[in-house]
Amino acid sequence: MGKRNKWRKSMVLALALAGGLLFNTVQPTVVHAEETSQQMIDKKAKIDTEVKKLQEELTKLQKEIDEKVKVFNKVQADIKEVDADIVDTKKRIEQRSAILNDRMAAYQAQDNTVGVYLNAVLEAKSFADLMDRVVAVKTLMDADQDLVDQQEADKANLEKQKATLDEKQKELQKQFQELQQKESEMEVKKAENEAKSLALKAQIATKQEEERLEAERKAAEEEAARLRALQAATPVVQATNNNVNDNTSNSNTSNANNSGKANNEKSPQKVVVGSGSGTASSGDAISTAKQFLGRSYVWGGSNPSTGFDCSGLVQWSYKQAGVSLPRTASQQYLATQRISASEARVGDLVFFSYGSGIAHVGIYLGNNTMIDAQNKGVVIESLDWWNQYLVGFGRIQ
């Protein structure tokens, strides 16, 4: 019995010691786990901060764009106001011209103006009648002179209004180009920051999430690289004037001769453009686009209810024809097949750059014309002026 009790005490002691050893062995692991968890919390907080900074960069750039849009819209409103003033001034001039022409015809029928007024005075029957006639004649003469003075003042004012309109239209064109440049920059920045954000999030993701985020990051980086490459897109005229070889399939330019110059102060270069027949879908897209001729340009507009910008008009028109295109000019450029200018046919897209990135797009109509949404609204216009900014043509697959 005593031996059994001793054995039991020994077992209890052994178990107690084992328990103590086990506790001492596991305890550091628990402490380590707690430290790792805290580190992960700190790491997540740091990554969240960095992701937020990336978003703030985009927000700041968007605010800059929004401010430019406000200026653009203000200039558009100013132009409408000046246009209305010009219409009113022209109307007054036309109405006054009709009155003055009638007066001149009446005077000519009486041989001379002085004779008309002199006869009116000489035919007076009394001194009082004479004074009345003199006052009446003076009133008529003053009225005639007032009409002439008003006419000259309105004609001078009309010239000033036309000069103001010309300045406003140049300012609008400048704002239009700056906005399109900013949009191109914003596209690149969005893609770059998206890739950075996904890389940061992958650091605190589960294995399964990490694989998904990694795939998305690679796609974002590839998109950023393609958009970044477009920042170096050079207009045809600049390329040829700098002796750059023309190769639309590789250098994103189209055939051109050296007759033009690369800035607004010089005549634009002539580019030989083809006029092949379009497809059924391109015909439908063009018919849709023509429905909006005269509609004002709206920055960021992509449907009839909001109005259109350049790429919005292209996307909407082709969507109605059953063809899906990306939203922006740069994305549409990347989504189309490069062709030379001489290969261009009706319905191809034509792309332009002001020196950095793809900034503008239109639908080619043949005969060196296109339909596009630009600062003056949705119009059909010649490519002649635009040739100085031409980067190339794209065919929808």
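This is a predicted model: local features need pLDDT of at least 70, side-chain atom pairs count only at pLDDT 80 or more; totals for chains, interfaces and linings use all residues.
Me: Which helices and strands does the chain have, and how are they defined?
Reply: There are nine helices and eight strands. Both are DSSP runs numbered from the N terminus: helices are H or I with at least four residues, and strands are E with at least two.

Me: Why is Gln 177 called buried?
Reply: Buried means under 20% relative accessible area, exposed means over 50%, and partly exposed lies in between (1.4 Å probe, protein chains only). Gln 177 has 15% relative accessibility and therefore counts as buried. Gln 177 belongs to helix H3 (residues 127–202).

Me: What is Gln 177 in contact with, apart from its neighbours within four places in sequence?
Reply: Contact means heavy atoms within 4.5 Å. With those neighbours left aside, Gln 177 touches Tyr 354, Trp 385 and Tyr 389.

Me: Why is Lys 319 called exposed?
Reply: Its relative accessibility is 55%, so Lys 319 counts as exposed. Lys 319 lies in helix H8. The C-alpha atom of Lys 319 is separated by 7.7 Å from that of Ala 285, 34 residues apart along the chain.

Me: What makes helix H8 largely enclosed by the rest of the structure?
Reply: Helix H8 covers residues 310–320, and eight of its eleven residues are buried, so the rest of the structure largely encloses this helix. Among the buried residues are Cys 310, Leu 313, Val 314 and Tyr 318. After H8 comes Gly 322, with a positive phi near 85 degrees.

Me: How do you know that strand S8 is mostly covered?
Reply: Strand S8 spans residues 390–395, and six of its six residues are buried.

Me: What makes S3 and S8 a pair, and how is S4 joined to S8?
Reply: Two strands pair if DSSP finds at least two bridges between them. Strand S3 (residues 337–339) has three bridges to S8 in the antiparallel sense. Strand S4 (residues 349–352) is joined to S8 by four bridges, also running antiparallel. Phe 393 of S8 is the bridge partner of Ile 339, and Phe 393 is the bridge partner of Val 350.

Terms used:
Residues are numbered from 1 along each chain as its sequence is written. Side-chain values use heavy atoms; hydrogens and water are left out.
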